[in-house]
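Subject: Structure for your review

Dear colleague,

Please find the structure below, handed over for your own work. My findings follow directly after it.

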Amino acid sequence: MRLDKLLADCKYGTRTDVKKIIRSGSVLINGVAASDPSVHVTKDDLVTVNGTPVSHRENLYYIVDKPENMLTAMEDKRLPTVSDLIPENIKTRGLSPVGRLDYHTTGLLILTNDGELSHRITSPVYDLEKRYAVTYEGAELTEDNVREAKKGITLTDTDTPVKLKGCELILTDKNTCELVLREGKTHEVRRIISHFGRSVITLRRVSVGPLVLTEEKPGMIREMTPEEERAIKTSVGL
Ligand code: URA
């Protein structure tokens, strides 16, 4: 990667800013002052700015609290998308959403440019739990529903019946429940609730594996902490 891009990616300023920093002589590559912003550096080069090592963190990991009425997409002609939440300085870094939340669903969405991590989080092979908090209308769900969910529901709302993996249905309060899924079939939570003859009023994803949103802050976007990054990678064998 070019030295000026590395420094800009690491938030030392715009490309113009970092060119100035480089020309000031405060950037060293393997102990030697750099003067050319376009010089290429690799992960094996030790780059420092005023003596502080710069980490070559090409992959980015963000957590979003997706608000209602927003598409899980990077572009749309008419509707707001999660790309509207991404800060300008990282818009070109190839972030994309991991999996999909419906337009009306809120909650935890990961944005990353790490393709392998994204693949593993969404693949049923890695069995990662995703937890959803649901409010629904209709009669209260029952212990029979809990048992059926655990055994594995067969959805019959399309031409071909779809057998789901067993999932955990937790009856939390009157007309609220949680569902813990290990796969991500289209509209899976809404379809499970409607399989039981109820309909979803609100749906929020509260966790993905070890990552948890403890408070509601619709529209929030932040970088994962190093601990979160390590935890989510470890949970899918990376
Ligand atoms: N299941 C759904 O039905 N919708 C979502 O957005 C996520 C899971």
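R131 forms a salt bridge with E178, and their closest N and O atoms are 2.7 Å apart; a salt bridge here is a side-chain nitrogen of Lys or Arg within 4 Å of a carboxyl oxygen of Asp or Glu. This pair links distant parts of the chain, with R131 in strand 8 and E178 in strand 12, 47 residues apart. Helices (H or I, at least four residues) and strands (E, at least two) are DSSP runs, numbered from the N terminus. R131 is partly exposed, its relative accessible area being 26%; the terms are buried for under 20% relative accessible area, exposed for over 50%, and partly exposed in between, with a 1.4 Å probe and protein chains only.

Please note that this is a predicted model, in which local features need pLDDT of at least 70 and side-chain atom pairs count only at pLDDT 80 or more, while totals for chains, interfaces and linings use all residues. Residues are numbered from 1 along each chain as its sequence is written, and side-chain values use heavy atoms, with hydrogens and water left out.

Salt bridges

The search of the whole structure finds 17 salt bridges. Among them is the one between R182 and E129, where the closest N and O atoms are 2.9 Å apart. R182 lies in the loop between strand 12 (176-181) and helix 5, E129 lies in the loop between helix 3 (115-122) and strand 8 (130-137), and the pair, 53 residues apart, links distant parts of the chain. R182 is partly exposed at 30% relative accessibility, and E129 is partly exposed at 31%.

R190 forms a salt bridge with D102, with 2.8 Å between the closest N and O atoms. Here too distant parts of the chain are linked: R190 belongs to helix 5 (residues 188-195), D102 to the loop between strand 6 (96-97) and strand 7 (106-112), and 88 residues separate them. R190 has a relative accessible area of 23% and is partly exposed.

A buried lysine

K130 is located in strand 8. This lysine is buried yet has no salt bridge, and the nearest side chain of opposite charge, that of D127, is 8.4 Å away. For charge, Lys and Arg count as positive and Asp and Glu as negative, while His and the chain ends are not counted.

The residues around the ligand are L101, D102, T105, Y132, H187, E188, V189, R190 and L203, each with a heavy atom within 4 Å of the ligand. A polar side-chain atom of T105 lies 2.8 Å from an oxygen atom of the ligand. Polar backbone atoms also take part: one of H187 is 3.2 Å from a ligand oxygen, and one of R190 is 3.0 Å from a ligand oxygen.

H187 sits in the loop between strand 12 and helix 5 and is partly exposed at 43% relative accessibility. Its phi is near 50 degrees, a positive value in a residue other than glycine. Most residues other than glycine have a negative phi.

In helix 5 the buried residues are E188, V189, R191, I192 and I193. They pack against strand 8, strand 9 (154-155), strand 10 (162-163), strand 12 and strand 13 (199-208). Just after helix 5, G197 has a positive phi of about 80 degrees.

Domains

The domain assignment gives domain 1 (3-54), domain 2 (61-124 + 216-235) and domain 3 (129-208), such bounds coming from an automatic or database domain assignment. Between domain 1 and domain 3, the C-alpha centres lie 51 Å apart.

With kind regards

Technical notes
Polar contact = N/O pair within 3.5 Å; in protein donor to acceptor, adjacent residues only side chain to side chain. Contact = heavy atoms within 4.5 Å.
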